[in-house]
2 protein chains.
Amino acid sequence: MSSLTGNAVVAQSGGPTAVINASACGVIEAALELRGLITAVYGANRGILGILHEDLFDLGAEPPEQIALLRATPAAAIGSCRFKLGPLDTHRDNYERLLKVFDAHDIRYFFYIGGNDSMDTADKVHRLAQAQGYPLRVIGIAKTIDNDLLGTDHCPGYGSAVKHLAACVMEAGRDLEAMSTFDQVVITEAMGRDTGWIAAATGLAQRHPDEAPHLIYVPEITFSRSKFLDDVRTVYRRLGYCYVVVSEGVKDETGQYLAADDEVDQFGHRQLGGAGRYLSRLVKSELGLKARYNRLDTCQRNAIHFASKTDSDEAYQSGREAVRQAAVGVSGKMVNLNRLSNDPYHCEPGLVDLAVVANGVRPLPREWLDAAGTGINQGLRTYVAPLLRGETPIRIGPDGLPLFSRFIRRAVPRRLPPLATGFGTK
Amino acid sequence: MSSLTGNAVVAQSGGPTAVINASACGVIEAALELRGLITAVYGANRGILGILHEDLFDLGAEPPEQIALLRATPAAAIGSCRFKLGPLDTHRDNYERLLKVFDAHDIRYFFYIGGNDSMDTADKVHRLAQAQGYPLRVIGIAKTIDNDLLGTDHCPGYGSAVKHLAACVMEAGRDLEAMSTFDQVVITEAMGRDTGWIAAATGLAQRHPDEAPHLIYVPEITFSRSKFLDDVRTVYRRLGYCYVVVSEGVKDETGQYLAADDEVDQFGHRQLGGAGRYLSRLVKSELGLKARYNRLDTCQRNAIHFASKTDSDEAYQSGREAVRQAAVGVSGKMVNLNRLSNDPYHCEPGLVDLAVVANGVRPLPREWLDAAGTGINQGLRTYVAPLLRGETPIRIGPDGLPLFSRFIRRAVPRRLPPLATGFGTK
């Protein structure tokens, strides 16, 4: 492969995780080590929008200790967004704008950390650059707490989200057990629009059949209100209390979400969140039991205070691997994770075509749930447990609270006329 | 003081915390060390209900390592309840039943870990025993995440609840900042029925005025919908996003909760929870901004996975101190915490009359909020910060999740005819 000299841009996309910044840290540190090849490393403010708007900042100007502290900082320090560029044939101008910005800033390396939508964008940029003969190396780095990307054993972000949420279920489960003369049912609403990977994995919290969670509902299985009420009644009769975990994306026999707000985002995704509250009210009205719910919402995807070290380290290594592969000429690929052995756990980064990952969804395997579909079996435990191991070290201030990284964000001077204001802000 | 030989009973009451078991551990370990004085140490299954129903188990039969592990176990391992015995003059039979059970089991020491309702019960038991000439030493140990007990600098349980919730606000705040082209407003609903101690203390998460939380609403200040909307609009115009923390117990100009479920518990307390959801909908409908909310509910009072070591150690010491004081003849007192200096932080346990604590509530001082009443000042920071310091060590299993203590619960044989079934189960 020919060596390609120029600048690099790194962008983060979609819903943040506890470890997306660890991936960014891997990219930035590895890219800055290759000064002979990669002349400057830029961050794109607010994901792909930052590139479209030529809103870039110089990551080389950031103090190295703030870059290192990314591994202990949740959310998306470079900035993120949800913005879809549209199909290449109908929205070619968007993609051409990206290449125009790349060209204006001598960008030859594009590292994009995100989910399947982002891998689709990266794939299109890669293909357009090839078609136009623009020398560009595009590498994706997987990110999603949902763990539903194709072409990888698992996704950075998943292990940390599960570790925190499962611990919360254990803790709130002990609360319910202690308070069962007062509270009878608790429902945890887990993230997961299309798949039950997160909800199901909270099943690891249950080390004994009497412990929480007693019932888990995932989007892969059609939800039945009458079966749900039967399930809760049965557990309640046996124990005197019942702990339920439900995926926000569960749908009933008519294909409807159990509860949905009115809004639909740009991707056609409904803004979910309401299943826990809905079911707690159903339990009250139909079974006459006292029911409460918890809904961690974005707290569940950013919990660096109890994040998995395995997950964080893999996120960081994925970032470094992206740079290493791009430097030797690879493009149009996403860094994936390959589990070589489970005991002891050993996992190596590899490569998969962006096109394989783009827009696909990997459902939770039915065979990892029990016969009733409301509990998990050893298959899922064996798969998930290694991903939760270890605690990510964080920095704590004299006030007992975490200390996060914050960038200076030294702007890269613009070289192109601006896009219309308001573009992409909604 | 004369030395008093006999058995001890320890009970936990009310909503659990991350460290109420640390207090139980202190009581149990200290009591078991005094075998010459305290012959046996019993746990009351489900708080005061366990005593009424003569449902006791022998804590001396528990493995010492499971007792020690209480310091890393959330909720209430002995069992808890919400059950009010009623006024002494009208419900004297309840109190006499307690003394009858005590007498049947040679109970001479009663350690009650709970909030103001529990201290009221303990006080009545203490007074009735005195009036009847029954030799009994009654000591309360403070417990509440709400931090609203009179007669103490602060309450075990508070520091840990704040440490976890403030970290969650920092984390979800970074998420909002990164996603501000997509999400504009996030609302965290904090526990706190009568006081804003928890909600206000999440203000420590804000190390810079642009960081979350930007606005805090506490029950001590009457809530105005129009002022709230103005506040959010102002922050949104300045930053492009706005993070709000609201106490569940906030009330409007008419004295109504912002949103309340229909149920009222036995204490006349409404079951709260709904303020966050309500305000997120208000922001959407009135300001047209995208708003989401999180509601940790019981997850926020049990988060041993990021609990304060200062808090946990004080909870444990309070338990030990209760036994030490009872052994030398004290009764009718609660162990309190006295801050001797703040820099360095130094705090010593002391004693306060149960009657001082019983049923009173200590509001958040207005002078620790800013002029607008929606932010905190240095006074609150100085008060809270030491309470959050250090992380409670926990045990983690090979699956990356916490390992909690679990009791054998070897029953103490009953010696009295049973109460009517169903008594106290609601």
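Q: Why is B:Asn359 called partly exposed in this predicted model?
A: Its relative accessibility is 41%. Buried means under 20% and exposed means over 50%. The value for B:Asn359 falls in between, so the residue counts as partly exposed.

Q: Where is B:Asn359, and what is its phi?
A: B:Asn359 is in the loop between helix 11 (354–357) and helix 12 of chain B. Its phi is near 65 degrees, a positive value in a residue other than glycine. Most residues other than glycine have a negative phi.

Q: What makes B:Glu54 buried?
A: B:Glu54 has a relative accessible area of 2%. The cut-off for buried is under 20%, so B:Glu54 qualifies. B:Glu54 is not a glycine, yet it has a positive phi of about 55 degrees. The residue lies in the loop between helix 2 (48–52) and strand 3 (56–58) of chain B.

Q: Why is the pair of A:Tyr217 and A:Phe228 called edge-to-face?
A: The count comes to 22 aromatic pairs over all chains. In this one, the ring centres are 5.4 Å apart and the planes stand at 70 degrees.

Q: Which parts of chain A does the pair of A:Tyr217 and A:Phe228 tie together?
A: A:Tyr217 lies in strand 7 (residues 215–217) and A:Phe228 in helix 8 (residues 225–239), so the pair ties together parts that are 11 residues apart in sequence. A:Tyr217 is buried, at 7% relative accessible area. A:Phe228 is buried too, at 0%.

Q: Why is the pair of B:Trp197 and B:Tyr383 called tilted?
A: The ring centres are 5.5 Å apart and the planes are at 40 degrees. Stacked needs under 30 degrees and edge-to-face over 60, so this pair is tilted. The pair links distant parts of the chain, with B:Trp197 in helix 7 (residues 197–201) and B:Tyr383 in helix 12 (residues 378–384), 186 residues apart. B:Trp197 is buried at 1%, and B:Tyr383 is buried at 6%.

Q: How do you know that the charged end of A:Lys163 sits over the ring of A:Phe306?
A: It is 4.8 Å from the ring centre. The distance limit is 6 Å, and the charge must also lie within 35 degrees of the ring normal. In chain B, B:Lys163 lies over the face of B:Phe306, at 4.8 Å from the ring centre.

Q: Why does B:Gly192 count as buried?
A: Its relative accessibility is 2%, and buried means under 20%, so B:Gly192 counts as buried. B:Gly192 lies in the loop between strand 6 (185–190) and helix 7 of chain B. Leaving aside neighbours within four places in sequence, its contacts include B:Asp146, B:Pro219 and B:Ser247.

Q: What kind of peptide bond joins A:Ala212 and A:Pro213?
A: The bond is cis, with omega about -5 degrees. Most peptide bonds are trans. A:Pro213 is in the loop between helix 7 (197–201) and strand 7 of chain A.

Note on methods:
Residues numbered from 1 in each chain as written. Chains lettered and ligands numbered in written order. Predicted model: local features only at pLDDT ≥ 70, side-chain atom pairs only at ≥ 80, totals over all residues. Heavy atoms only, no water. Phe/Tyr/Trp six-rings, centres within 6.5 Å; stacked < 30°, edge-to-face > 60°. Helix = DSSP H or I, 4+ residues; strand = E, 2+ residues; numbered from the N terminus. Buried < 20%, exposed > 50% of the residue type's maximum accessible area, 1.4 Å probe, protein only. Contact = heavy atoms within 4.5 Å.
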